[in-house]
Amino acid sequence: MKPNVENPGKVVITVATTGGLHGKEANPNLPEQPDEIVQAAYDCYNAGAAVHHIHARDPKGHPTADLRYYGEIVSRVKAKCPKMITQVGNGIGSKRLPDGHTTHFTLEERMALLNVQPHPDQLTVNCGTFTFGGKPPSWDDFLFVNDQTFNTEFVKGCVARGVRMECECYDLSHIANVLELVQWGVMPTPIHFSFVLGVRGTIPATPMNMLQMLDALPEGSSWQVVTIGRFTLPLGTMALALGGNIRVGLEDNVYYLPGELVKSNAQLVERAVRLARELGREIATPEEARKMLHLSQWGEVRESGVRR
């Protein structure tokens with residue numbers, strides 16, 4: 001897929017308010033409880049974000065697979081932020097063990113996200129297996145399993161429920177995995193891709209790697225870049241210049257500038273809005289984002305009627 005620099009159109013801004021790894025120990029402004037998360041979503045909605053990427057925490061602030069917390073957040077965001085796209089992250093995060101170490105959530109716990117009520121507008125698909133690199137002493141390395149068998153069943157579950165997907169690709173090979181699902185008649189098209197760059201154990205966050213991933217996309221796709229830490233600003237700006245969309249938020253970056261903690265998720269959305277407009281691009285409303293990310297045309301697609 002070629003970059004669009006002549007007529008890039010509007011920008012869809014996604015905000016990942018919470019994440020499933022670090023918490024208030026990394027930045028006290030990171031929202032953990034439903035009240036905090038919903039308020040952060042509302043502030044970001046007013047600042048220009050069209051998509052809210054959601055992870056839930058338990059009362060202790062630890063990542064959780066409990067569907068009650070997801071359902072509460074999704075329903076309250078839908079009520080408070082009209083038309084904002086609710087998107088639940090399929091990876092959930094790192095599970096806290098009694099000894100203080102962390103591990104992954106099980107495939108069964110992750111598959112159960114299909115049953116969040118009300119259904120979010122989107123669920124993410126993590127498109128390949130890799131070792132999720134940790135950082136001692138609080139994080140531990142673990143194998144993040146996303147094989148084609150699991151993803152096939154998860155995608156079928158999304159289709160059966162009329163829930164659209166975002167395909168998160170942490171490596172070039174993950175795009176090939178998605179296209180294989182298309183060939184098998186499992187994955188509906190057009191597809192919304194996220195290039196996740198800079199996570200330890202995955203593709204490094206470099207301009208060339210982002211361009212290679214863009215080149216591998218089928219025409220007609222939509223795409224955004226998700227970058228970690230210090231890579232967020234330069235590669236996010238590059239994506240904006242090339243016609244892509246961007247994700248910001250305290251899940252991905254707890255610093256606004258080196259040594260300066262982010263004050264709120266809305267602060268990052270506001271900066272993204274300014275950058276986009278400096279590059280001559282306007283911000284997509286939630287209604288426009290639904291069309292751009294293929295939600296409006298997809299509707300209640302069922303397993304027997306995959307569109308390709």
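This is a predicted model: local features need pLDDT of at least 70, side-chain atom pairs count only at pLDDT 80 or more; totals for chains, interfaces and linings use all residues.
# Briefing on helices, loops and backbone features

Val-155 sits in helix 4, which covers residues 148-161. Val-155 is a buried residue, because its relative accessible area is 0%, below the 20% under which a residue counts as buried.

**Helix 4 and Val-155**

- Apart from neighbours within four places in sequence, Val-155 is in contact with Val-125, Met-165, Leu-181, Val-186, Met-187 and Pro-188.
- The buried residues of helix 4 are Gln-148, Phe-150, Asn-151, Thr-152, Phe-154, Val-155, Gly-157, Cys-158 and Val-159, and the elements covering them include helix 3 (107-111), strand 6 (122-126), strand 9 (164-169) and helix 5 (172-183).
- Helix 4 has 14 residues and, at 1.5 Å a residue, should span 20 Å, which agrees with the 20 Å that separates its end C-alpha atoms.
- Between Val-155 and Ala-241 there are 31 Å in space, C-alpha to C-alpha, and the two are 86 residues apart in sequence.

**Helix 7 and what surrounds it**

- In helix 7 (residues 232-241), the buried residues are Thr-232, Leu-235, Gly-236, Met-238, Ala-239 and Leu-240.
- These buried residues of helix 7 pack against strand 10 (192-197), helix 6, strand 11 (222-227), strand 12 (245-248) and helix 8 (265-278).
- After helix 7 comes Gly-243, a residue with a positive phi near 95°.

**Helix 7 with helix 6**

- Helix 6 (residues 207-215) packs with helix 7 at an angle of about 40°, the axes being 11 Å apart, and so helix 6 is oblique to helix 7.
- The crossing of these two helices, helix 6 and helix 7, is right-handed.
- On the helix 6 side the contact is made by Pro-207, Met-210 and Leu-211, which meet Leu-235, Met-238 and Ala-239 of helix 7; by class, the contact has six nonpolar residues, with no polar and no charged ones.

**Helix 7 with helix 8**

- The axes of helix 7 and helix 8 come within 10 Å and cross at roughly 45°, which means that helix 7 is oblique to helix 8.
- The crossing of helix 7 with helix 8 is right-handed.
- Leu-233, Thr-237 and Leu-240 of helix 7 meet Arg-271, Ala-272, Leu-275 and Ala-276 of helix 8, and the residues of this contact divide into five nonpolar, one polar and one charged.

**Backbone features in loops**

- Most residues other than glycine have a negative phi, and most peptide bonds are trans.
- A cis peptide bond, with omega about -5°, joins Gln-117 and Pro-118, and Pro-118 is placed in the loop between helix 3 and strand 6.
- Another cis peptide bond, with omega about 0°, joins Thr-189 and Pro-190, and Pro-190 is placed in the loop between helix 5 and strand 10.
- Lys-83, which is not a glycine, has a positive phi near 75°; Lys-83 lies in the loop between helix 2 (67-80) and strand 3 (85-88) and counts as partly exposed because its relative accessibility is 47%.
- Ile-92 also has a positive phi, of about 65°, although it is not a glycine; Ile-92 lies in the loop between strand 3 and strand 4 (94-96) and is buried, with a relative accessible area of 0%.

**An exposed loop residue**

- Asp-141 is found in the loop between strand 7 (130-132) and strand 8 (142-144), and Asp-141 counts as exposed because its relative accessibility is 52%.
- Asp-141 and Ala-49 are 92 residues apart in sequence, and their C-alpha atoms are 32 Å apart in space.

Key:
Residues are numbered from 1 along each chain as its sequence is written. Side-chain values use heavy atoms; hydrogens and water are left out. Helices (H or I, at least four residues) and strands (E, at least two) are DSSP runs, numbered from the N terminus. Buried means under 20% relative accessible area, exposed over 50%, partly exposed in between (1.4 Å probe, protein chains only). Contact means heavy atoms within 4.5 Å. Axes are lines fitted to C-alpha atoms, for helices over the stretch in contact, and angles run from 0 to 180 degrees between N-to-C directions. Angles under 35 degrees count as roughly parallel, over 145 as roughly antiparallel, 65 to 115 as roughly perpendicular and the rest as oblique. A crossing is left-handed if the near helix is turned anticlockwise from the far one by less than a right angle, and right-handed if clockwise. Ala, Val, Leu, Ile, Met, Phe, Trp, Tyr, Cys and Pro count as nonpolar, Asp, Glu, Lys and Arg as charged, and the others, Gly among them, as polar. The expected span of a helix is 1.5 Å times one less than its number of residues.
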